[in-house]
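Dear colleague,

Please find below the structure that I am handing over to you. I would be grateful if you could look through it alongside the notes that follow.

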Amino acid sequence: MGRLFAEPLETLNLSFNRIMAKAGGKGVNLKDKLDGNELDLSLSDLNEIPVKELAALPKATILDLSCNNLTSLPSDFCSLTHLVKLDLSKNQLQQLPSDFGRLVNLQHLDLLNNRLVMLPVSFAQLKNLKWLDLKDNPLDPTLAKVAGDCLDEKQCKQAAIRVLQHMKTIQSEQDRERQRRLQAEREMEKKREAEQRAREAQERELRRREKAEEKERRRREYDALRAARQEMETQTKKENSEIPKLSSVSHPSQLPRHRRSWFQALLKLLLLIFLCAVSTVAVCRVTELQRQSLCISVNTLYENVVTALQSHKIVQNVLHQNLQQ
């Protein structure tokens, strides 16, 4: 009867432990599993790794997580830099964290029978790694050829050396490629900056030319306006200088005073002579003095003048008729 109840009790305890393990180790005291510096969590049906609990046990430098259901490692797992030996065999890991190389103290790594195809480039930083097993993984052909078999201690050590060298080569190539990209980007940036400077210089030159052309246009307008003003002033001065001359010719009153008085005296004299002649002719023609010798001469002269005037008028009429014919 004791054995009949003992087996179901053991089965129940195993199931309980698996359930607690699936919960990430919650409720499980990892210190109870710690033996010296070795912590054995194999066959615990783990889906997740209790990283926080493991970080609280820096003495556990040897960690066995084999034979669980791990499909991936959390990124904070790489903070367990105290690990020296790590067994992740017989899980379902498809890839390792990109910063897996942070586990710089790792010397022994067992990745047997997982689903790994490639290793992260940071793997090259595991400078202390001396033992590596990558058998039974769908590795990239190049990586599989480099790793080789791990059938004994010597082969596993050689696998660690060759894989580290291979990953260092890949890291170097990636670093060179990154440097080439950075150099190309810097050159492209320099080219863009040079083109930008050239465009800015061209724009400045264009603005300078436009400003110079605008200044030249305004200068020409100013010169033209100044020339027109000077021409107008010259014309005005010329007209002002010509006005007194025209006025002096057109208006006898503006002649010098002595010339004006002489001209007036001459006009008065001629008028007086004309009046005297008319008076003499009238006296000699009308009064009894017409028989006097002086009046006879005057009358004769008058008649001759009248005849001459009449003859001149007749000649003009004849010429006018001839012209009309």
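The notes below take up the disulfide, the aromatic rings and an annotated segment in turn.

This is a predicted model, in which local features need pLDDT of at least 70 and side-chain atom pairs count only at pLDDT 80 or more, while totals for chains, interfaces and linings use all residues. Residues are numbered from 1 along each chain as its sequence is written, and side-chain values use heavy atoms, with hydrogens and water left out.

The structure holds one disulfide (a pair of cysteine sulfur atoms within 2.5 Å). Cys150 and Cys156 form this link, with an S to S distance of 1.4 Å; the link is right-handed, with 100° about the S-S bond. Cys150 is buried at 7% relative accessibility (buried means under 20% relative accessible area, exposed over 50%, partly exposed in between, with a 1.4 Å probe and protein chains only). Cys156 is likewise buried, at 2%.

There is one aromatic pair (rings of Phe, Tyr and Trp, the last by its six-membered ring, with centres within 6.5 Å; planes under 30 degrees apart count as stacked, over 60 as edge-to-face and the rest as tilted). The rings of Phe100 and Phe123 are stacked, because their centres lie 6.1 Å apart and their planes are at 5°. Phe100 is buried at 0% relative accessibility, and Phe123 is buried with a relative accessible area of 0%.

Finally, an unreviewed UniProt entry places a "transmembrane region" at residues 262–284; UniProt positions are given in the numbering used here, feature names are shortened, and annotations may be inferred rather than shown by experiment. The end C-alpha atoms of residues 262–284 lie 33 Å apart, and the span is 100% helix and 0% strand (helices, H or I of at least four residues, and strands, E of at least two, are DSSP runs numbered from the N terminus).
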